[in-house]
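The sequence and the structure come first, and the description follows.

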Amino acid sequence: MDPLHLTTSRHNGTLTVSVSGELDIATTELLRSHLLEVLQEADHRHKATLVIEVSKLSFIDAAGLGILVAVQNHALRQRTPLRIAGVPPAMQRLLRITGLDAHLT
């Protein structure tokens, strides 16, 4: 098992959360709470963009996808631009199969 690791950086109005390890039902709450905190910061910064960088994500399950959708919906409600970057091929395939590729990337 590869533990979930989150790193947040701030540069020129962009808040980037780099996610590595395994995102599954056991780790989704950690990611959700962290991303909601970063979204709150983005809202206070006015016009900040949130980027979720997932190139080092080794695994994601349905619970992980659900958190990404929930966070994206929250970002839309507060009008914070959000994008997911560095999507590895296995995750891209999963997004395509579920139809989420048009919404999350």
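## Glu29 and the basis of the model

Glu29 is partly exposed, with a relative accessible area of 43%, where partly exposed denotes the range between buried (under 20% relative accessible area) and exposed (over 50%), computed with a 1.4 Å probe on protein chains only. The residue is found in helix α1, helices being DSSP runs of H or I with at least four residues and strands being DSSP runs of E with at least two, both numbered from the N terminus. Between Glu29 and Gly86, which are 57 residues apart in sequence, the C-alpha to C-alpha separation is 22 Å.

The model is predicted, so that local features need pLDDT of at least 70 and side-chain atom pairs count only at pLDDT 80 or more, whereas totals for chains, interfaces and linings use all residues. Residues are numbered from 1 along each chain as its sequence is written, and side-chain values use heavy atoms, with hydrogens and water left out.

## Packing of α1 against α2

Helix α1 (residues 28–45) packs on helix α2 (residues 62–77) at an angle of about 15°, and their axes are 10 Å apart. That angle makes α1 roughly parallel to α2, because angles under 35 degrees count as roughly parallel, over 145 as roughly antiparallel, 65 to 115 as roughly perpendicular and the rest as oblique. The axes are lines fitted to C-alpha atoms, for helices over the stretch in contact, and the angles run from 0 to 180 degrees between N-to-C directions.

On the α1 side, the residues that meet α2 are Thr28, Leu31, Arg32, Leu35, Leu36 and Leu39, and their partners in α2 are Ala63, Gly64, Ile67, Leu68, Val71, His74 and Ala75; contact here means heavy atoms within 4.5 Å. The residues of this contact of α1 with α2 divide into nine nonpolar, three polar and one charged, with Ala, Val, Leu, Ile, Met, Phe, Trp, Tyr, Cys and Pro counted as nonpolar, Asp, Glu, Lys and Arg as charged, and the others, Gly among them, as polar.

## The nonpolar core

The largest nonpolar core has 28 residues, of which Val19, Leu31, Leu50, Ile52, Leu57 and Leu68 touch the most other members. Such a core is a set of buried Ala, Val, Leu, Ile, Met, Phe, Trp, Tyr and Cys residues joined through side-chain atoms within 4.5 Å. The elements that give two or more residues to this core are β2 (14–23), α1, β3 (49–60), α2, β4 (82–85) and α3 (89–98).

Leu68 is in contact with Leu31, Ile52, Ile60, Ile84, Met91 and Leu104, when its neighbours within four places in sequence are left aside. Leu104 lies in helix α4 (residues 101–104) and is buried, with a relative accessible area of 3%. Not counting residues up to four places away in sequence, Leu104 touches Leu68, Val69, Gln72, Ile84 and Leu95, and its C-alpha atom is separated by 13 Å from that of Gly64, 40 residues apart along the chain.

## Two residues of strand β2

Thr14 lies in strand β2 and, at 25% relative accessibility, counts as partly exposed. Residues up to four places away in sequence not being counted, Thr14 touches Ser9, Thr49 and Val51, while its C-alpha atom and that of Pro89, 75 residues apart along the chain, are separated by 25 Å.

Thr16 is also found in strand β2, but is buried, with a relative accessible area of 18%. Leaving aside neighbours within four places in sequence, Thr16 is in contact with Thr7, Thr8, Ser9, Val51 and Glu53.

## Loop residues

Asn12 lies in the loop between β1 (5–11) and β2 and has a positive phi of about 45° although it is not a glycine; the residue is exposed, with a relative accessible area of 71%. Arg79, in the loop between α2 and β4, likewise has a positive phi, near 60°, in a residue other than glycine, and is exposed with a relative accessible area of 76%.

His46 lies in the loop between α1 and β3 and is exposed, with a relative accessible area of 61%. The C-alpha atoms of His46 and Ile97, which are 51 residues apart along the chain, are separated by 34 Å.
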